[in-house]
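Morning, everyone. I have one protein to walk through today. Please look at the picture before I start.

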Amino acid sequence: MLIREAAAADWPQIWPFWHRIVAAAETYAWDPDTSEEAARVLWMNPAKRVFVVEDETGAVVASAYLTPNYAGPADRIANAGFMVDPDRSGHGYGRALAEHLLTAAAEDGYRGMVFNAVVETNPAVRLWTSLGFTVLGTVPDAFEHPRHGLVGLHVMYRAL
């Protein structure tokens with residue numbers, strides 16, 4: 001597996017799993033009907049540092065971004081978004097990408113990382129807690145999950 005900074009040319013490989021994940025409305029608090037153009041602006045925004053994971057064939061199987069969560073005097077707290085192609089989950093891509101991003105964030109001078117809206121039923125909660133993130137709080141019944149009904153959104157944090 002290769003983890004590298006994304007290029008604009010990677011978007012056509014990111015979009016299919018990005019769309020599938022967001023349209024499922026189970027893990028991201030983004031509009032399930034987000035257009036490809038709007039998704040590209042959200043994910044590949046120049047203000048974000050975007051990474052991809054390539055499998056042994058060179059196919060992009062996961063992506064993540066790193067960006068300041070706040071501005072001004074609080075801009076040393078990072079935020080990130082992660083997506084692994086659902087057809088490629090369970091191969092360690094998400095963990096490897098998360099570890100890579102935590103290292104990159106520390107190298108970039110961030111003091112901590114916060115996730116603002118982690119759906120409490122998201123299986124990735126186990127990954128984040130295993131990597132040292134803690135749940136600072138949960139906004140109850142904030143997310144309308146298609147299978148579980150109303151569920152909470154965690155705010156998770158880890159110092160770097």
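Let's begin with helix α3, residues 93-107. It has 15 residues, and at 1.5 Å a residue it should span 21 Å; its end C-alpha atoms are 21 Å apart, so the two agree. The expected span is 1.5 Å times one less than the number of residues. Helices here are DSSP runs of H or I, at least four residues, and strands are runs of E, at least two, numbered from the N terminus.

A word on where this comes from. It is a predicted model, where local features need pLDDT of at least 70, side-chain atom pairs count only at pLDDT 80 or more, and totals for chains, interfaces and linings use all residues. Residues are numbered from 1 along each chain as its sequence is written, and side-chain values use heavy atoms, with hydrogens and water left out.

How confident is the predictor? pLDDT is its confidence in each residue, from 0 to 100. The protein chain has a mean of 96, and 100% of its residues reach 70 or more. Helix α4, residues 124-130, has the lowest confidence, at a mean of 94. Strand β2, residues 49-54, has the highest, at 98.

Back to α3. Its buried residues include Tyr 93, Leu 97, Leu 101 and Leu 102. Buried means under 20% relative accessible area, exposed means over 50%, and partly exposed is in between, using a 1.4 Å probe and protein chains only. Just after α3, Gly 109 takes a positive phi of about 95°.

Now α1, residues 11-24. It has 14 residues and reaches 19 Å from first C-alpha to last, close to the expected 20 Å. Which of its residues are buried? They are Trp 11, Ile 14, Trp 15, Phe 17, Trp 18, Ile 21 and Val 22. Those residues pack against α2, β2, β3 and β4. Contact means heavy atoms within 4.5 Å.

Next, the loop between α1 and α2. Ala 25 sits there. Ala 25 has a positive phi of about 55°, although it is not a glycine. Ala 25 is buried, because its relative accessible area is 18%.

Thr 27 is in that loop too. Is Thr 27 buried or partly exposed? At 21%, Thr 27 is partly exposed. Leaving aside neighbours within four places in sequence, Thr 27 is in contact with Ile 21, Val 119, Asn 122 and Phe 143. Thr 27 and Val 118 are 91 residues apart in sequence, and 7.3 Å apart in space, C-alpha to C-alpha.

Thr 27 also brings us to the largest pocket. Thr 27, Tyr 28, Phe 82, Asn 122 and Ala 124 lie nearest its centre, out of 39 lining residues. About 1,000 Å³ of space lies in this pocket. β4 gives the largest share of the lining, 6 residues. The lining divides into 21 nonpolar, 13 polar and 5 charged residues. Nonpolar means Ala, Val, Leu, Ile, Met, Phe, Trp, Tyr, Cys and Pro; charged means Asp, Glu, Lys and Arg; the others, Gly among them, are polar. A pocket is an open set of points on a 1 Å grid over the protein atoms alone, where a 1.4 Å probe fits, with protein on both sides within 12 Å along at least five of seven lines; lining residues have an atom within 4 Å of a point. Points are joined across faces, edges and corners, and the volume is the space filled by probe spheres set on them.

Last stop, strand β6. Asp 141 lies in β6, and Asp 141 has a positive phi of about 50° without being a glycine. Ala 142 counts as partly exposed, because its relative accessibility is 38%.

Conventions: pLDDT is the predictor's confidence in each residue, from 0 to 100.
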